[in-house]
Amino acid sequence: MRTIVAGTIGSILLFIGSLGVGWLAAVSDIRQNPVVIALRFTTPGAIVSIILVALGGMLLVREWLRLGQKLNHWGPDTRKWINAAMIAWSVPMMFAIPMFSRDIYSYIGQGRVMQSGLNPYEYGVSTIENFFQLGADQLWSESPPPYGPLFLWMEQGVVAITDAQPDQSVILFRILCIISVAAMVWMVPRLARMHGINETRALWLSVANPLFLVNFILAAHNDAIMIALALGGTLAAAVWRDWRGGLLGAFLVTMSVAIKPITLVFLPFIGLLWAGRGASWTRRFVIWFLTLLWSIVILGVMGFVSDFGFGWVSAMSTPGSVFIWYAPIGMLGLMANALVGLLGGNGGHAMDVVHSVGQMMALPVILYLMFVGRDERIIRRLTLAFAAIVVFAPMIQAWYVVWLIPFFAVTGIRSDWQTDVLFFLTAFFMIYAVSDQLDVFPYLDIDLSSGRTIAAVIAIAYGAYLWFLDPATRRLFRGKYRGVPQTAVI
């Protein structure tokens, strides 16, 4: 109970901090709240908010680790504590101002474009008057949305209900994400059970993970809807390994594709599940064809109804045009840029080549996993194929990692270096999140760069404390503590 309470305090600190440095639309009525004014529009208030965000995020990481330590036997009596933690840690986030991403305001802008009868793949949110006052990021104001028609309809529906009022729109988008998270709470244990994995431990590693909660609830990313649908399609295909599961699984995955096209990689593995155990190669190819045809028909109907056709396919390149230093391919691109530039060549072109080649490297990995591997490992093979797309991308956002966690959790994350990697990634991306996406009022004595530095120093110091000094959590990173071993299906 003490661990759950401490984690809840961390979530509450995030809530309070969001009032000062969370993403808030310029026309939001919340800006008139006296507490928000004190935290957002005064230098001391902004500094306090930054500190609270850094401490809250890292405290959640610590208590998540401690919860796993205390429940390490993972008996039937532990589920109630995981459920309590997920609920208690999520509630403050439900009412917080969005943090760590402002994409939710782009959703509103795209919904307004849809409501205006314009094609969002041809007209950016900047074509709609007053778009910036509603919180959308100017960086993507003229870019086509990297989303499919289903999510565009969701955006339009939200805007139609709220008349584009930003605070009400945020609430509705967050409700969609909360429903998606609740669905994953139901699905993760069932998929874990199929693989002989402890269901409660799988929930702890995935949905109770603070990185999962801050991205899918606090930030309200539409990725929550995408992954819930993909997970549902995988579960359906795995439960009924026949035409029923195949059609339903492919339908749900296609709905996921209609949120974000990245989950197209699931379709060949849904086909393998549909083909059944011990299927011949002839049957597999036939089922792959039927799976693809069924998906194309569904997307074609959606494109016809929306009158967009397959225009969203070209928008897939929108997020791929950027990179980040910690992504392996992004780092190689930077190195190529510097080296070619020193030699007098076109460094930017060299970097683009590296990024393109890197992304293409995922294809042979996916093909290998499609054709090689035992039947009982199909979902693990799907997971590794999905991971290949992330690893070989020049840009890896925190929520890209969150995409993968439920699938690795249900197919097995061993209590050795595999959990160490997850612990490190959770801490790393939490540190990066609390120090990167801050909305600091530009007319204060503290600027955005200084605010990020304060948050980074606090978060890194806290992470170092967890790793080297904390009497409890340092055992996790020195091999002195291991929970019940989980066999990874690899």
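Analyst: Welcome! Helices in this structure are DSSP runs of at least four residues, H or I, and they are numbered from the N terminus. Please keep in mind that the model is predicted.

User: Is Ser 28 buried or exposed?

Analyst: The general idea is a cut-off: a residue counts as buried when its relative accessible area is under 20%. Ser 28 has a relative accessible area of 2%, so it is buried. Its side chain also reaches the backbone nitrogen of Ile 30, at 3.1 Å.

User: How is the chain divided into domains?

Analyst: The domain assignment gives domain 1, made of 1-99 + 419-481, and domain 2, made of 102-312. Their centres, taken over C-alpha atoms, are separated by 27 Å.

User: How many residues of domain 1 and domain 2 are in contact?

Analyst: On the domain 1 side there are 38 residues, in contact with 31 residues of domain 2. Together the two domains bury about 3000 Å² between them, and 71% of that is on carbon and sulfur atoms.

User: What polar links are found across the interface of domain 1 and domain 2?

Analyst: Twelve residue pairs are in polar contact there. Helices α3 (43-70), α4 (79-94) and α19 (417-436) each give two or more residues to the side of domain 1 that touches domain 2. The largest share of that side, eight residues, comes from α4. By class, the side has 28 nonpolar, eight polar and two charged residues.

User: What is the count of salt bridges between domain 1 and domain 2?

Analyst: The count is one. As for Glu 199, this residue forms a salt bridge with Arg 79, with the closest N and O atoms 3.1 Å apart. Glu 199 also meets Arg 193 in a salt bridge, at 2.7 Å from N to O. Glu 199 is partly exposed at 23% relative accessible area, and Arg 193 is partly exposed too, at 47%.

User: How many salt bridges does a search of the whole structure find?

Analyst: The search finds ten. One of them pairs Asp 470 with Arg 62, the closest N and O atoms being 2.6 Å apart. Asp 470 lies in the segment after α20 (448-469) and Arg 62 in helix α3, so this pair ties together parts that are 408 residues apart in sequence. Both residues are buried, and Arg 62, Glu 63 and Asp 470 are linked in a network of salt bridges.

User: Which residues have a positive phi without being glycine?

Analyst: Here is the general idea: most residues other than glycine have a negative phi. Ala 220, however, has a positive phi of about 55 degrees, and Asp 307 has one of about 70 degrees. Ala 220 is in the loop between α9 (210-218) and α10 (223-239), while Asp 307 is in the loop between α13 (281-306) and α14 (328-342).

User: Are Ala 220 and Asp 307 buried or exposed?

Analyst: Ala 220 has a relative accessible area of 1%, so it is buried. Asp 307 has 66% relative accessibility and therefore counts as exposed.

Definitions and conventions: Residues numbered from 1 in each chain as written. Predicted model: local features only at pLDDT ≥ 70, side-chain atom pairs only at ≥ 80, totals over all residues. Heavy atoms only, no water. Buried < 20%, exposed > 50% of the residue type's maximum accessible area, 1.4 Å probe, protein only. Polar contact = N/O pair within 3.5 Å; in protein donor to acceptor, adjacent residues only side chain to side chain. Domains from an automatic or database assignment. Contact = heavy atoms within 4.5 Å. Buried area = accessible area lost by both parts, 1.4 Å probe. Salt bridge = Lys/Arg side-chain N within 4 Å of Asp/Glu carboxyl O. Nonpolar A, V, L, I, M, F, W, Y, C, P; charged D, E, K, R; others polar.
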